[in-house]
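Hi everyone, thanks for coming. I'd like to walk you through a structure that may be new to you, so please have a look at the screen.

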Amino acid sequence: MSATVSFPVPTPHGPKDVAVSYARVGRGEPLVLLHGIGHHRQAWDPVVDILATERDVIAVDLPGFGASPSLPSGLAYDLPTTNSVLSALFETLELDRPHVAGNSLGGLLALELGREKLVRSVTALSPAGFWTEAERRYAFAVLLTMRGIARRLPLPLVERLSRTAAGRTALTSTIYARPARRSPQAVVAETLALVEATGFDATLRAGSTVRFTDDLPGVPVTVAWGTRDRLLVRRQGVRAKTIIPRARLVRLPGCGHCPMNDDPALVARVILDGSR
């Protein structure tokens, strides 16, 4: 089931309505899935059916991404605001401290929700926020380049490239270690999602000073990193383990920055094990 819900979010100038699009499937304890910057909830499609056999899965389009509208004026694309939005979404959907899994930006948001004790467990796949300044600048430059290229490519060319393994590699090898496995339809859709992401620039600006530096006592945390992540290099996972010493650090062999597509069975097992 896919739907869009609206709910009030507090601001210094009074509550403002925010709309969020999501898809929900499965049964069991609730598990919220959060995508990365410029992506959309369909990034989780390779693992959703597996997860749904044991969890009530809610895949979310973050505000300004995918099918979710931009945030209303007066709300920033920063961590405190996104925490407030997701907390209000949980309340609207009657999710009592769900499990949460996130990738990249979504992994950072999942950890923030864990820090605020709003979730039962956190699984973070290549989360943002454990970078050095040089690593952050590199990642942001790559992301801006990806978006710039995507915006310049005519849709018929994207569609033509997506029909071949070499074309899918050219379009998505920055985030997937096995881009040929991605379906042509998915590659076209996520290229359009990157082009149309109204929250992209403001989110990137807000992330320029972000570091995750807090332990999460009392919240089960799994941090997983692909061995072939070309955007956020895997040594950042070791830093995450240093900051969150009780976290389970998992290596994802042969996986890139968005490992859900590279090895769906492994990633689903990591998420299910981390959300017991």
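Let me start with a question: is D201 buried, exposed or partly exposed? At 33% relative accessibility, D201 counts as partly exposed, because that value falls between the 20% and 50% cut-offs. Please keep in mind that this is a predicted model.

Now, D201 has a partner. It forms a salt bridge with R147, and the closest N and O atoms are 3.9 Å apart. R147 sits in helix 4 and D201 in helix 8, so this pair ties together parts of the chain that are 54 residues apart in sequence. R147 itself is buried, with a relative accessible area of 7%.

How many salt bridges does a search of the whole structure find? The search finds 18. Let me show you two others.

One of them joins D61 and R41, with the closest N and O atoms 2.8 Å apart. D61 belongs to strand 4, residues 55-61, while R41 is in the loop between strand 3 (29-34) and helix 1 (45-52); the two are 20 residues apart, and the pair links distant parts of the chain. Both D61 and R41 are buried.

Then there is R269 with E54, where the closest N and O atoms are 4.0 Å apart. R269 lies in helix 11, residues 264-274, and E54 in the loop between helix 1 and strand 4, so here the parts tied together are 215 residues apart in sequence. R269 is partly exposed at 36% relative accessible area, and E54 is partly exposed as well, at 30%. Salt bridges that share partners join E54, R269, D273 and R276 into one network.

Let's go back to D61 and R41 for a moment, through a residue that touches them. S21 is in strand 2, which covers residues 16-26. Its relative accessibility is 4%, so S21 counts as buried. Leaving aside residues up to four places away in sequence, S21 touches A3, T4, R41, A59, V60, D61, A67 and S68. Both members of the R41 and D61 salt bridge are in that list.

On to the pockets. What is the volume of the largest pocket? It is about 390 Å³. This pocket is lined by 24 residues, and those nearest its centre are M146, L171, T172, I175 and L194. Helix 4 (133-152), helix 6 (165-172) and helix 7 (184-196) each supply at least two lining residues, and helix 4 gives the most, with 6. By class, the lining has 13 nonpolar, 10 polar and 1 charged residues.

The second largest pocket holds about 340 Å³ of space. Its lining has 27 residues, with I37, L105, L108, T203 and G207 nearest the centre. Helix 2 (79-92), helix 3 (105-115), helix 4 and helix 8 (200-206) each supply at least two of the lining residues. Here the classes come to 21 nonpolar, 5 polar and 1 charged.

Finally, a word from the records. An unreviewed UniProt entry carries the annotation "domain: AB hydrolase-1" over residues 31-269. Across residues 31-269, the chain is 45% helix and 13% strand, and the end C-alpha atoms are 13 Å apart.

Methods
Residues are numbered from 1 along each chain as its sequence is written. This is a predicted model: local features need pLDDT of at least 70, side-chain atom pairs count only at pLDDT 80 or more; totals for chains, interfaces and linings use all residues. Side-chain values use heavy atoms; hydrogens and water are left out. On a 1 Å grid over the protein atoms alone, a cavity is a set of points where a 1.4 Å probe fits but cannot get out, and a pocket is an open set with protein on both sides within 12 Å along at least five of seven lines; lining residues have an atom within 4 Å of a point. Grid points are joined across faces, edges and corners, and a volume is the space filled by probe spheres set on the points. Helices (H or I, at least four residues) and strands (E, at least two) are DSSP runs, numbered from the N terminus. Ala, Val, Leu, Ile, Met, Phe, Trp, Tyr, Cys and Pro count as nonpolar, Asp, Glu, Lys and Arg as charged, and the others, Gly among them, as polar. Buried means under 20% relative accessible area, exposed over 50%, partly exposed in between (1.4 Å probe, protein chains only). Contact means heavy atoms within 4.5 Å. UniProt positions are given in the numbering used here, feature names are shortened, and annotations may be inferred rather than shown by experiment. A salt bridge is a side-chain nitrogen of Lys or Arg within 4 Å of a carboxyl oxygen of Asp or Glu.
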